[in-house]
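Work through these exercises on aromatic rings with the model open. Each task is followed by its solution.

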Amino acid sequence: MKVKESAFIKHNKPVLKKLLERLLKQYPYVSILATDSTAKSYSVSRCNTMISENGMLSERGFAVKISDGKHYAEYSFNRIAEELLDEICENIRQIAASSKQAVPEGISENEYPIPEETQTIFSASTEYEIDPEELGDDVIIEKLARIKDRGLASSDKILDCTVRCNYQKYSKLFLSGHKDLEQNVMWMTGGISLAAPRGEEIKSYYKSYSNLGGAEVLEQMQHDVEQCSQITLELLNSEPMIPGEYDCICAPDVTGMIVHEAFGHGVEMDMFVKKRALAEKYVGGYVASELVTMHDGASAASQTATYFFDDEGTMAHDTIVIEKGILKQGISDLQSAIVLGTVPTGNGRRQGYDRKAYTRMTNTYFEGGTHTKEEMIASVSYGFLLENASSGMEDPKNWGIQCMVNIAREIRDGKLTGKIFSPIVLTGYVPDLLKSISMMSEEVILGGGGFCGKGYKEWVKVSDGGPYIKAKIRLG
């Protein structure tokens, strides 16, 4: 089934078109973004049950962008009606006028030409099997409670089992002088978190789930809860890592974290404009092993960061960032592309209709290779299989990376010994790490359970992943 169009947007589209027509008589470029989004979060644990509307993702509103041919200004609002058009147009006029006067004397201005557009009419929806809204809160909570109970019953050593899920269903309309674009999208994520005591210490394990779809994700969670419990119990016997550089096999979730942190942020081209990304100087050069081909794009995969057009009306792309080790290009929003003289890649995304659009990652991953995981493990004399990525950060100006991984399984003489180390800090200089990649599996897996911030704010949904990879990695 396909996600239905928004009744709110359908009702307001005629008056939005009238607003567009009026503004086009005053400004050579005008665009309007309309957003209607609903999102809910659910959680069940030993002691708590929670249902809440996700305030960050639930919204209805509009953003207008205008240009006089040199400067751009934006105005956001959440009420629209014919009798309000005069007021809205006047507010936009005042904002445009004040923005021209905001530049201090002696400071030069960037001039932004009007973007070139082709006539485009487009409408599309993603698909799903089970609509969480139709399923209802009571049924969702009941399913989560069953998973929680199975987790707690798996061992008397399990202190708690928390089971969560979230969904967002959104519709967007983009109008300009040449574009009339509509999209309706739904994704759903879930997570199982278990904890077990080891003396005064608590060991924990978390597994996330995601899809471009609906509540069918809950069935997969139900099948996995006992395995998640077993891994949690394994962590009770884990040891601290001995710092050093090792041959490592990274599971797809760890590969995804490396892709996202090591090169995803580093090729966001609004950072090129601000001279905050070292990658700008290396376009056309080798930055990784010849085995590495990296993609980013809302149309590059089917996951939670998939959409049909971005918040600036650019159609979704599949951008090849690295091709056989060579950095080909970055990803960009419309404004950055105008400044840099490049083609926008469909990565202009807003946290909400009332927030600025920035260059943001979408579905970011490495292509697969030709080996199996078993062949890769067999090739390691001494090293580790890294699993269960938890968090990471990067420095795009200096290409440093630091990531947290929950599990390192010891490999000795090409075989897993059963010994586990935890927690793990993965660090290094990005090109050194990527150039050391010597094997990649055929299997490619993406996960979209998390969000990505621009610095410390501007959160948007992303997914990342790739194959199993073998590389030299510094662990601590």
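Is Tyr 282 buried, partly exposed or exposed? Tyr 282 has 34% relative accessibility, so Tyr 282 counts as partly exposed. The cut-offs: buried is under 20% relative accessible area, exposed is over 50%, and partly exposed is in between (1.4 Å probe, protein chains only).

Two notes on the source. This is a predicted model: local features need pLDDT of at least 70, side-chain atom pairs count only at pLDDT 80 or more, and totals for chains, interfaces and linings use all residues. Residues are numbered from 1 along each chain as its sequence is written, and side-chain values use heavy atoms, with hydrogens and water left out.

**Exercise 1.** Find how many aromatic pairs the whole structure holds, and describe the one formed by Phe 122 and Phe 308.

Step 1. The search finds 13 aromatic pairs. Rings of Phe, Tyr and Trp (its six-membered ring) pair if their centres lie within 6.5 Å; planes under 30 degrees apart are stacked, over 60 edge-to-face, the rest tilted.

Step 2. Phe 122 and Phe 308 are tilted, at 5.8 Å centre to centre and 50° between the planes.

Step 3. Phe 122 is partly exposed at 24% relative accessible area. Phe 308 is also partly exposed, at 23%.

**Exercise 2.** Classify the pair of Tyr 282 and Trp 399.

Step 1. The ring centres are 4.8 Å apart and the planes lie at 45°, so this pair is tilted.

Step 2. Trp 399 counts as buried, at 2% relative accessibility.

**Exercise 3.** Which residues do ring pairs link into a cluster?

The cluster consists of Phe 8, Phe 62, Tyr 75 and Phe 77.
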